[in-house]
Amino acid sequence: MSNFKKIAVLTSGGDAPGMNAVIRSVTRYALANNVDVYGVYEGYKGLMAGNLRPFKERDVSNIITRGGTMLYSARSEEFRYEEGLQKAIKTCRDNGIDGLVAIGGDGTFRGATDLSIRGLPCIGIPATIDNDISATDYTIGCDTAMNTTIQMVDRLRDTCESHARCNVVEVMGRHAGYIALHAGIAVGASAVLIPEFAFNEDQIVEKLLVSKDYGKRNFIILISEGLGDYGEDFTKRIEARTKIEARFARLAHVVRGGSPTLRDRVTGSEMGVEAVKLLLAGKSNRVVCLRDNKITDLDITYALTLDRMYKGKMKPEELAPYSEEQVEAMRTYCAQKRADLERYYKISMDISK
Ligand code: F6P
């Protein structure tokens, strides 16, 4: 055990339901282990500005049920540069902070690495509705977002049934189709369109026509925002080609708010405890991950390289620090992840009519 006296916790990037469960867990577990806690407001921006205050157990009461983040969030350009980083380091030094738990997505983790390199031990916790951080099977907030999505789409289906319509529903996910795909299976969508897989519009139209012929009245198509503006025009083409009246709906930030599900509360609590344990064990530059249903941790730099490898954005020189076995393990992991996504995509197509 290292002799940590005080840690800080912040949330950064897009908010996600369950972030409050993490903040609560980090605070309570640290205090239970005689470590003081500072809550930092508005992410790295707040860390640079010294916008923080000490937290006691009661400061995080009644937040586990709430969506958003009680610490607020912000994106900061200044924090990308040395001057900004030094301001953050100074805030920590001035307040006697020995470690930081940073909750958010890949941008948050890059910031955590930058601070770790400059001597402040940092642990990242993945929280984004998109579930697009490849090193972990799960990111806090996704389950709530998917459940909100299916509630909204179930409502749309009711009105589609009444009016014999098709509703094309666009959901968030930035460049990832995870929310659209899983919610699409859960609502029985006629088709799911995501950026990871090519699709054939003619086949989708044909499928709708066949279903219409055998008496189907309501049609739901889920589309991920990663496909850009495709959804609205696609909706018009569906109506023109099938003569099924069609509507377009963009759920947007609606699915990012709301009270977190059990999964986001429990996994968030678990990850918060793990982050404090890692700091107490003297670890730094680690990200807490869920893999094969187990909480574990990885080096952040490794996790970000793995993420870029999976997304096809990695530069070959990024692999230089790793052994052949490690690179092979990374490739195997990415192939498995892709295979899992393909399996779900196939399910979504095989069981929709
Ligand atoms: O990363 C979470 C997310 O909600 C994405 O799904 C979406 O593309 C993006 O953030 C929206 O960002 P903003 O809140 O800046 O509009």
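## Cysteines

At 0% relative accessibility, C142 is buried. Buried here means under 20% relative accessible area, exposed means over 50%, and partly exposed lies in between (1.4 Å probe, protein chains only). The model is predicted: local features need pLDDT of at least 70, side-chain atom pairs count only at pLDDT 80 or more, and totals for chains, interfaces and linings use all residues. Residues are numbered from 1 along each chain as its sequence is written, and side-chain values use heavy atoms, with hydrogens and water left out.

C92 is buried too, at 3% relative accessibility. How many disulfides are there by the rule of the count? The count is zero. A disulfide is a covalent bond between the sulfur atoms of two cysteines. The rule asks for a pair of cysteine sulfur atoms within 2.5 Å.

## Two domains

The chain is divided into domain 1 (6-141 + 260-299) and domain 2 (143-257 + 340-350). These bounds come from an automatic or database domain assignment. The C-alpha centres of domain 1 and domain 2 lie 34 Å apart. Their contact takes 14 residues from domain 1 and 13 residues from domain 2, where contact means heavy atoms within 4.5 Å.

## The ligand shell

Which residues are around the ligand? They are R75, T128, I129, D130, M172, G173, R174, E225, H253 and R256.

By class, the shell holds five charged, three polar and two nonpolar residues. Asp, Glu, Lys and Arg count as charged; Ala, Val, Leu, Ile, Met, Phe, Trp, Tyr, Cys and Pro count as nonpolar; the others, Gly among them, count as polar.

## Polar contacts and cover

For D130, a polar side-chain atom lies 2.7 Å from an oxygen atom of the ligand. For R256, a polar side-chain atom lies 2.8 Å from a ligand oxygen. G173 uses its backbone: an N or O atom there lies 3.1 Å from an oxygen atom of the ligand. On its own, the ligand has 400 Å² of accessible area, and the protein covers 77% of that. Areas come from the Shrake-Rupley method with a 1.4 Å probe; for residues, only the protein chains shown count as cover.

Terms used
A residue is near a molecule or strand if one of its heavy atoms lies within 4 Å of it. A polar contact is a pair of N or O atoms within 3.5 Å; within protein, one must be able to donate a hydrogen and the other to accept it, and residues adjacent in sequence count only if both atoms are side-chain atoms.
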